[in-house]
Amino acid sequence: MMINSIYTHKEIFLRELISNASDAIDKLYFKSLTDNAVKLARDDFKIEIDLDKESRTITLTDNGIGMSAEELENNLGTIAKSGSLNFKNENADSEKADDISVIGQFGVGFYSSFMVADRVEVVSKAFGEDTAHKWISTGADGYTIEECEKDDAGTVITLHIKEDTENEDYSQYLEQYRIDELVKKYSDYIRYPIVMEMSHQVPDPEKEGEYITELSVETLNSMVPIWRKSKSELKPEDYNEFYKNKFMDYNDPLAVIHTKTEGQATFDALMFIPENPPYDFYSKEYEKGLQLYSNGVLIMDKCADLLPDYFSFVKGLVDSADLSLNISREMLQHDHQLKIIAKAIDKKIKSELTKMLKNDREKYEKFFKTFGLQLKYGVYANYGMEKDGLKDLLLFESSNGGYTTLKEYVDRMADSQESIYYACGENAERIALLPQIDAVKEKGYEILYFTDEVDEFAIQMLMEYEGKHFANICKDDLDLSTEAEKEAMTKKNEDAKDLLEKMKNILDGKVTAVKLSNKLGSHPVSLTAEGYVSLEMEKVLNSMPGANQGVKAQLVLEINSDHPVAEKLAAADDESLEKYTKLLYSSARLIAGLDLDNPTEFSDTIADLM
């Protein structure tokens, strides 16, 4: 009852038994540092796995320190008493304490065997003792301990695998490929070799076209984690090969982040920025997170708490001995240490991206085109809590050509320029055709092109950059005119007050005002917005799932006062004015990328005027 309540995945039984075997070897190795009676060198230690399909048994053998009858009674007969933890505590003050790296803490890992076995036998001989003992249990009706024969110190655990049921396939654990898979998944970095006799089909040298079975003892684990090696030992191809094998990618990573941190939390981290997003990156099925190891043993395949959403594309792993794990070692206790590690990882990724931006602009732009949208969402999310750490990593297309950071834009600004100007649109080419663009460029001002839906929302969250506020050139309150030009335009609007009011009434609430403008260059008409909601915000908010088209920008129809169309309007009779007004309004909506209220009417009006 206890085992099935604390473990959720039956396959972890192998991880637990291998970890226990590793702890037993660690204890004997630690003893060898001070006891000349231990003849085994570190290279002699190993963990063996044997499979017997006919008998339905899995046998794990280690040549570690072994257990006496009393230790079998205490460690296996008493639930949740950890011999490994006791050993570590007893030797905490030793000069060699740093060499102790036992994994078991709770004394329950062994019992996970009973999730897949209906009978477990443990034969063990403690180092320095003459007699071995056998512990046998079915997991439900107690256990027995009796003397037995065993030549050397160490432990042999034999699991009698359950018969298959309608819902459970226990036979899978008797297959070589499955055991190999589980070792590589959970225990690849146990420091001692895990060996197993493997069978392979090879061509029969005597009979063409036929095959024979060849047996060989193979080491299943790689033992030394790549992330524990120094950077000087590793080449780019080492990282690339590890990444492709570990995270199932055909391409080399765009960037590698290899770091070791000591202090409040001690951990190793090896992270990768992919060249391309995973195939399911934009789907609901995608799960962010780093693999989490404790002393080289996989605890979680994807620890989401280690990565913020704006770095969800990062692949990699963290290995730390400082984490507080729950009793099953299948999940973390949400404690202070985890938060410290997550904060350090976030800081390290930002630092590496900043370095890439500074030293390899081409690579950074390639990265940003792929994952920059995530950073922009990061600026906007959580009420802008992360905006200060991300704002200098943002890139935007510019009217100057290419991409620019906000810092670069501000550094290019003339002393007289007070705002950072931007315009929104589907792409840079469409934005460059907006009527307002020419007037702003004529003043010598650079314009940022916002082509992602989140851009304007992120900028609103930033509010300003180095004291410079952001200004949408398609907003009604933008005015780059001189005082004399402002006075002249005010007079023109006053003189045309009745005409403009008529046009507003013709549009029947679709705009809040119609006015003459001098900021459209050679273009006849445009739509601008008053208030907080811009044209682009209206499009984005109304396109969201569940939107009821209720968000409306307060639109202003602007007519170029210097364009011949203004004279045409002034001379038009009421019937023509109505047609002209509706036609100009529809044209302005098309330019702004908005849908037409009545496409048929628009088409009929054009045909009628022709």
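What should the twelve residues of helix α6 (residues 236-247) span at 1.5 Å a residue, and how far apart are its end C-alpha atoms?

1. The model is predicted, so its local features need pLDDT of at least 70 and side-chain atom pairs count only at pLDDT 80 or more, while totals for chains, interfaces and linings use all residues. Residues are numbered from 1 along each chain as its sequence is written, and side-chain values use heavy atoms, without hydrogens or water.

2. Helix α6 should span 16 Å, and its end C-alpha atoms are 16 Å apart, which agrees. The expected span is 1.5 Å times one less than the number of residues. Helices (H or I, at least four residues) and strands (E, at least two) are DSSP runs, numbered from the N terminus.

3. Tyr239, Asn240, Phe242, Tyr243 and Phe247 are the buried residues of α6 (buried: under 20% relative accessible area, 1.4 Å probe, protein chains only). Down the helix axis they fall within an arc of 165 degrees, so they line one face of α6; the arc is taken from the directions from the axis to the C-beta atoms. Just after the helix, methionine 248 has a positive phi of about 55 degrees.

4. The cover over these buried residues includes β9 (255-261), β10 (267-273), β11 (290-294) and β13 (315-320). Helix α6 lies across those four strands and runs at about 85 degrees to β10 (axes are lines fitted to C-alpha atoms, for helices over the stretch in contact; angles run from 0 to 180 degrees between N-to-C directions). Contact means heavy atoms within 4.5 Å.

5. The sheet is open, with five strands in the order β9-β10-β13-β11-β12 and mixed pairing. Two strands pair if DSSP finds at least two bridges between them. β9 and β12 (297-303) are the edge strands, each with a single partner, so one side of each has no neighbour in the sheet. The twist averages 15 degrees from one strand to the next.

6. Seven bridges pair β9 with β10 in the antiparallel sense; threonine 259 has alanine 269 of β10 as its bridge partner. β10 and β13 are also antiparallel, joined by six bridges, and leucine 270 is partnered by leucine 317 of β13. β11 runs parallel to β13, with three bridges; here leucine 292 stands opposite valine 318.

7. In β13, six of six residues are buried. Lys315, Leu317 and Asp319 lie on one side, and Gly316, Val318 and Ser320 on the other.

Technical notes
Buried means under 20% relative accessible area, exposed over 50%, partly exposed in between (1.4 Å probe, protein chains only).
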